Amino acid sequence: MTLRLSVIALTALVSTAIVSEAAVATSTLTDKSARRYPQPVRVGDLIGRQVLEPVPAQHVLGRVASVDQNARGGVDIVVRFGGFLGFGTRLIAVPVEAVALLGEHLAVLDFTPEQLREFPTADEAAERALAPDRSIRVGLTKPFH
């Protein structure tokens, strides 16, 4: 009887873990962003900030070029990505929900550098750029080391 109860309890525990893992995997960027305590930030204060990879070494992925309104009504952080010493960079648009403030920098939390390399090149459409004095909400993160 005790063995049977132990097996049932173990099965329930494993099932709960599988359901929890599936729930985390299907969480959207918006849900993840909401858990990062988004804070109001002026757009002009983000321009030029370094964008870091979320690993202890904190490799610099690029710099913020602009903050744009996307076609879906959301906000994208346009990053000068890749290249070497500023040469060969290209613009990519990263959803604001996928980044967080890390001190004076921004960190991309929900995409790997390999995934970012696959992002399409963003165009420099000034009509979509948000005004420097406008506020947006950006999540917070702690150091990775």
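How many bridges join β6 to β7, and do they run parallel or antiparallel? Four bridges, and the two strands run antiparallel. I'll come back to that pair.

Ground rules. This is a predicted model, in which local features need pLDDT of at least 70 and side-chain atom pairs count only at pLDDT 80 or more, while totals for chains, interfaces and linings use all residues. Residues are numbered from 1 along each chain as its sequence is written, and side-chain values use heavy atoms, with hydrogens and water left out.

Now the overview. The chain has four helices and eight strands. Those are DSSP runs, numbered from the N terminus: helices are H or I with at least four residues, strands are E with at least two. From the N terminus, the order is α-α-β-α-β-β-β-β-β-β-α-β. Of the 145 residues, 32% count as buried. Buried means under 20% relative accessible area, with a 1.4 Å probe and protein chains only.

Next, the sheet. Strands count as paired if DSSP finds at least two bridges between them.

Val99 has Val108 in β7 as its bridge partner. On to other pairs. β6 and β8 are parallel, over two bridges. Here Ala100 stands opposite Gly139 in β8. β2 (residues 50-52) and β7 also run parallel, joined by two bridges. Val51 has Leu106 of β7 as its bridge partner.

Last, the core. A nonpolar core is a set of buried Ala, Val, Leu, Ile, Met, Phe, Trp, Tyr and Cys residues joined through side-chain atoms within 4.5 Å. The largest one has 25 residues. Leu46, Val67, Ile77, Leu116, Ile136 and Val138 have the most contacts inside it. β4 gives the most to this core, with four residues.

Take Leu46. Contact means heavy atoms within 4.5 Å. Beyond its neighbours within four places in sequence, Leu46 touches Val41, Val64, Val67, Ile77, Leu101, Leu106, Ile136 and Val138.

Methods: Buried < 20%, exposed > 50% of the residue type's maximum accessible area, 1.4 Å probe, protein only.
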